[in-house]
Amino acid sequence: MGVVNVTPDSFSDGGQWYGAAAAIQHGLDLVAQGADIVDVGGESTRPGAQRVSAEEELRRVMPVITELVKAGVVVSVDTMRAQVAEAALEAGVSLVNDVSGGLADPYMPRLVAETGVPYVVMHWRGHSHDMNSRAIYEDVVREVRDELAKRIWSVTAEGVDPSLIVIDPGLGFSKQPDWQGPDAHNWELLTRLREVAHIGGQDFPVLVGASRKRHLGRLLAAPDGTPRPFAETDDATVAVTALVAAEGAWCVRVHRVPANADAVRVAAAWRAAAARS
């Protein structure tokens with residue numbers, strides 16, 4: 001899944017694809033480079049970000065989604081608003097990627113249920129402006145899994161087909177970016193994805209969004225402790241992609257596609273060889 005942020009302030013590439021023409025071309029480029037899905041979002045979820053209006057979000061994403069769908073691209077919409085998702089679905093998107101897991105807009109699960117598209121339910125504890133204060137866990141894997149289980153129960157109660165649910169552990173969302181110690185939340189989740197995905201006796205497909213996240217920058221910090229810039233963590237992202245793909249992740253959401261697509265192919269060959277042995 002290649003990322004197209006149609007925003008001026010996203011943490012990783014804010015402003016680079018803000019205009020519709022640039023965003024459309026970037027989406028086409030991502031497909032040419034090997035992306036199976038292009039994820040289009042118009043609202044930054046970086047820590048501390050303030051929300052934009054629904055009208056502004058629609059203004060940003062709809063021209064991009066419309067043209068990419070016309071070009072035959074498989075498009076997902078990255079939104080927490082049912083109003084935006086509805087417009088995107090009418091334009092032909094194939095998947096709804098809701099970082100709030102249906103918590104931000106109670107109408108979202110009903111919309112997804114009515115349209116019958118795959119639905120990414122992410123672990124989420126609150127909006128960006130205060131999510132860091134919510135990154136408190138006794139057992140991050142157990143609590144994330146239990147909270148995802150509640151969301152799955154809630155959205156299926158609204159009619160969402162459980163066979164169309166994809167879960168996302170929400171790396172970086174209300175998770176501390178440490179790479180060691182008791183608050184290495186993202187790393188614990190990454191190394192125990194199979195536990196996170198096993199909910200109610202079912203193994204759900206998992207979407208992993210580790211690309212350019214803060215925990216990679218902290219891991220690769222300079223000797224003085226300065227985190228590595230987001231755009232300089234792409235090689236580390238590829239390493240994570242290979243590891244989680246080998247563990248059976250359904251999809252990885254990334255900013256740079258070519259090397260990550262290669263990593264997925266390597267992991268697929270690895271899994272196939274392991275199955276034969």
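Reader: How much space lies in the largest pocket?

Author: This is a predicted model. In it, the largest pocket holds about 350 Å³ of space.

Reader: Which residues lie nearest the centre of the largest pocket?

Author: A lining is read as a list of residues. Here the list has 19 residues, and M1, D36, C251, V252 and V264 are those nearest the centre.

Reader: Which element gives the most to that lining?

Author: Helix α10 does, with seven residues. Both α10 (258–276) and β10 (251–252) supply at least two residues each.

Reader: How many of the lining residues are nonpolar, polar or charged?

Author: The lining of the largest pocket counts 14 nonpolar residues, two polar ones and three charged ones.

Reader: Now the strands. Which way do the residues of β4 point, and are they buried or exposed?

Author: A strand can be read by the sides its residues take. In β4 (residues 95–98), L95 and N97 point one way, while V96 and D98 point the other way. All four are buried, that is, under 20% relative accessible area.

Reader: Which strand does β4 join through V96?

Author: V96 is the bridge partner of V77. Strand β3 (residues 75–78) runs parallel to β4, with three bridges between them. From β3 the chain passes through helix α3 (residues 82–91) to reach β4, in a right-handed β-α-β crossover.

Reader: What stands opposite D98?

Author: V121 in β5 does. Strand β5 (residues 119–122) is parallel to β4 and is joined to it by three bridges. The chain goes from β4 through helix α4 (residues 108–115) to β5, and this β-α-β crossover is right-handed.

Definitions and conventions:
Residues numbered from 1 in each chain as written. Predicted model: local features only at pLDDT ≥ 70, side-chain atom pairs only at ≥ 80, totals over all residues. Heavy atoms only, no water. Buried < 20%, exposed > 50% of the residue type's maximum accessible area, 1.4 Å probe, protein only. Pairing = 2+ DSSP bridges. Right-handed = clockwise from strand over helix to strand, strands pointing away. 1 Å grid on protein atoms, 1.4 Å probe; cavity = no way out; pocket = protein on both sides within 12 Å on 5 of 7 lines; lining within 4 Å. Points joined across faces, edges and corners; volume = space filled by probe spheres on them. Nonpolar A, V, L, I, M, F, W, Y, C, P; charged D, E, K, R; others polar.
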